[in-house]
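This briefing is meant to be read beside the sequence and the coordinates. Please keep both in view while going through the points below.

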Amino acid sequence: MNSSAKALQLVTRSRVSAAVCGSTVRIPRNFFSSSTESTSTAGGTTSSDPSSQNVPQFSFENNAAAEATGAIKLTKEDLDSKRGTISKAMHAYLKRAKEHQEFMDTQEKEFVFGRRHLANMMGKDIESFTQKDVDEAIRYLFPSGLYEPKARPIMRPPQEVYPKQKAAQFDMSGRPHHPFFYTAKPNFYYLLHEMVSKINSLNKLAAGVSRSESVEDDSFSGSTWISKEDLETRLLEKITDQMYSEWLACFERIVAHPKKDKELEFIKAYRKPLAVQSKTSELLPITLEPDGRKSVHVPMCMKKSVRADVLVTVPGTGEFKINGQGLDFFKLISNREAVIAPLQLAKMLGKVDIEANCQGGSKTPEKPKSPGCPDNGETARAIAVRWGIANGLAALGADVEKLRLAGYLVKDYRQRERKKPGKESARRTWTWKKR
Amino acid sequence: MRMGKKELARSIMDKTFMTIKKVQLAKYYNTQDPEERAKIILNPLELLHKAVENSKPFLETTPIKRGGHTYQVPVPIRENKQQALAIKWLIEAGKEKDDDMRFFVKFGYEIIDAANGTGKVIKKKVELHKRCEANRAYAHYRWS
């Protein structure tokens with residue numbers, strides 16, 4: 001080695017030592033020889049590249065974090081050729097990421113292949129075979145008696161099935177992208193950092209405003225905070241209960257701020273609507289009758305063992321046709337009142353026609369329970385028809401909230417509890433005698 | 001309602017309301033003065049609500065033991081219990097011994113009386129409140 005090269009080596013070593021001592025020295029990549037010693041001594045943190053154009057770029061589909069922090073894209077050639085200059089951690093990560101990518105690719109191929117097979121089996125057009133058709137086909141071919149929906153067989157695109165992984169958190173030299181990398185949960189703590197800076201900016205805005213001026217806001221009444229699990233999937237990081245409650249407390253501070261209107265979108269991004277609002281789309285479809293009236297058919301109206309279906313037609317004259325008879329089908333006034341109740345609440349008493357057919361029930365007029373029994377299982381039929389009427393009215397535009405609050409839209413799933421051995425009836429125990 | 005016989009309970013209430021309506025209508029047609037007529041409540045349901053509201057006690061005495069002695073300490077009653085007590089007393093008053101009258105008739109009269117602020121149930125409530133007032137010296141035992 002000639003003297004100039006020796007001098008070069010001396011210079012580089014001193015620069016390396018300087019960098020190790022903590023000074024921010026930027027050394028261009030081509031300054032070094034192609035040996036691995038220089039990089040490994042300082043743990044790979046010295047070989048930082050000032051010009052990012054020289055640094056190869058890599059990213060994976062499933063990572064928002066990398067997108068946010070500026071991902072670098074890596075091609076296959078880079079993986080093989082640059083192996084010498086990568087830190088061990090990076091190397092391990094790249095190997096894992098490559099395997100994962102390959103795995104996902106094969107899964108994707110299998111899924112696409114399987115979907116075509118399925119379309120063929122079901123005799124449907126491959127092009128228009130949506131995910132919904134896939135689900136239906138699976139349910140048909142693999143009928144499952146399991147109660148838990150998550151335990152039943154599914155066929156989904158691999159992105160939905162396999163958990164998302166975080167992209168590379170550090171670049172080729174091992175230097176992390178995210179400024180909060182060393183907190184071990186960068187996304188979470190960065191989010192907290194953002195929230196606090198927002199609070200500070202809102203405080204500056206509200207410098208002159210007194211606390212009493214903040215009005216109770218109802219804009220968040222129909223929504224609730226996302227759960228811990230949702231937050232975990234969003235941030236791709238595991239969160240403890242304590243961390244979650246801290247995060248919530250911080251957000252509550254923002255919501256309680258008088259100037260929170262500036263950050264409404266930010267708040268709404270972390271809120272999800274409550275079940276009531278998200279169920280408004282579950283109303284039944286309205287069909288147009290040949291005579292121009294609108295009708296809603298409510299099938300599967302159930303109460304105990306009664307099965308009824310109800311047809312609500314509007315505009316109508318308040319006609320009732322239950323199993324061919326009028327409201328007189330119900331002998332008891334309480335049952336008639338029950339059937340009319342949703343109509344009274346929605347103020348559509350004389351304005352709709354109701355046609356209902358009910359079958360079943362343990363007792364029928366043909367074989368009554370006992371001659372003195374006032375009911376003969378009529379109430380179950382009345383409740384089934386009432387549920388059908390309420391749902392029909394809801395679909396036709398009645399006030400759904402009112403009906404829901406009155407409880408007419410809820411199916412009564414109660415069944416007769418069986419008698420158990422050692423008891424007189426389902427719950428009643430025999431009288432205990434001391435001796 | 002007893003033994004799950006809702007229809008029986010319903011029919012009794014129907015007859016009670018019929019009695020109340022008859023009595024109130026009789027009162028209405030007996031006076032010609034429009035002012036007095038306006039004061040008479042003809043809706044039995046409204047009368048029932050008013051009766052229950054008037055009969056609700058808001059304090060009762062409960063035995064609390066302190067230093068060997070058992071004191072009757074006045075204590076407030078929750079909303080639910082207030083209503084339950086009022087209804088229970090009205091029914092009990094209706095069941096009281098009167099051989100000629102049916103239950104629903106007597107019950108109807110008790111409701112009308114309670115709505116007007118008279119009758120056995122109101123008296124019972126007032127006596128309970130008097131007892132609470134008499135024992136107000138021990139009220140602090142509730143927290144001692």
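Predicted model: local features only at pLDDT ≥ 70, side-chain atom pairs only at ≥ 80, totals over all residues.

Contact is used here for heavy atoms that lie within 4.5 Å of each other. In that sense, and leaving aside its neighbours within four places in sequence, Thr61(B) is in contact with Gln72(B), Val73(B), Pro74(B), Leu128(B), Arg131(B), Cys132(B) and Asn135(B).

- Chain A contains 15 helices and 7 strands, and 34% of its 435 residues count as buried.
- Chain A exposes about 28500 Å², with 54% of that surface supplied by carbon and sulfur atoms.
- When contacts in chain A between residues at least 6 apart in sequence are considered, 59% of them join residues at least 24 apart.
- Chain B has 6 helices and 2 strands, which follow one another along the sequence in the pattern α-α-α-β-β-α-α-α.
- Chain B consists of 144 residues, of which 34% count as buried, and its accessible surface comes to about 9800 Å², with 54% belonging to carbon and sulfur atoms.
- For chain B, 61% of the contacts between residues at least 6 apart in sequence join residues at least 24 apart.

**Helix packing in chain A**

- Two packed helices are described by the angle between their axes and the distance between the axes.
- Helix H8 (residues 186-205) of chain A packs against helix H10 (residues 241-255) of chain A at an angle of about 20°, and their axes are 10 Å apart. Angles under 35 degrees count as roughly parallel, and H8(A) and H10(A) are therefore roughly parallel to each other.
- H8(A) passes H10(A) in a left-handed crossing. On the side of H8(A), the contact is made by Phe188(A), Tyr189(A), Leu191(A), Leu192(A), Met195(A), Val196(A), Ile199(A) and Leu202(A), while H10(A) contributes Met243(A), Trp247(A), Cys250(A), Phe251(A), Arg253(A) and Ile254(A).
- Helix H13 (residues 333-345) of chain A and helix H14 (residues 378-395) of chain A have axes that come within 8 Å and cross at roughly 10°, which makes H13(A) roughly parallel to H14(A).
- In this second pair, Asn335(A), Ala338(A), Val339(A), Pro342(A) and Leu343(A) of H13(A) meet residues of H14(A) that include Glu378(A), Thr379(A), Ala382(A), Val385(A) and Arg386(A). The residues of H14(A) in this contact also include Ile389(A), Ala390(A) and Leu393(A).

**Selected residues and their surroundings**

- Thr61(B) belongs to strand E1 (residues 59-66) of chain B. Since its relative accessibility is 16%, Thr61(B) counts as buried, and its side chain makes a polar contact with the side chain of Gln72(B) (3.3 Å).
- Asn391(A), which lies in helix H14 of chain A, has a relative accessible area of 18% and is therefore buried. Apart from its neighbours within four places in sequence, Asn391(A) is in contact with Leu284(A), Val298(A) and Leu409(A).
- Lys419(A) is placed in the segment after helix H15 (400-406) of chain A, and at 42% relative accessibility Lys419(A) counts as partly exposed.
- A polar atom of the side chain of Lys419(A) lies 2.6 Å from the backbone oxygen of Lys423(A). Beyond its neighbours within four places in sequence, Lys419(A) is in contact with Glu424(A), Ser425(A) and Ala426(A).

**Backbone geometry to check in chain A**

- Most residues other than glycine have a negative phi, and most peptide bonds are trans.
- Where does chain A have a cis peptide bond? Such a bond joins Val314(A) and Pro315(A), with omega at about -5°, and Pro315(A) lies in the loop between strand E5 (306-314) and strand E6 (320-322) of chain A.
- Leu236(A) is not a glycine, yet has a positive phi of about 60°. Leu236(A) is found in the loop between helix H9 (228-235) and H10 of chain A and is partly exposed, with a relative accessible area of 25%.
- Lys304(A), likewise not a glycine, has a positive phi of about 50°. Lys304(A) sits in the loop between strand E4 (294-303) and E5 of chain A, and with a relative accessible area of 43% Lys304(A) is partly exposed.

Key:
Residues numbered from 1 in each chain as written. Chains lettered and ligands numbered in written order. Heavy atoms only, no water. Helix = DSSP H or I, 4+ residues; strand = E, 2+ residues; numbered from the N terminus. Buried < 20%, exposed > 50% of the residue type's maximum accessible area, 1.4 Å probe, protein only. Polar contact = N/O pair within 3.5 Å; in protein donor to acceptor, adjacent residues only side chain to side chain. Areas by Shrake-Rupley, 256 points an atom, 1.4 Å probe, with all protein chains shown as cover. Axes fitted to C-alpha atoms, helices over the stretch in contact; angles between N-to-C directions. Parallel < 35°, antiparallel > 145°, perpendicular 65-115°, else oblique. Left-handed = near helix turned anticlockwise from the far one by under 90°.
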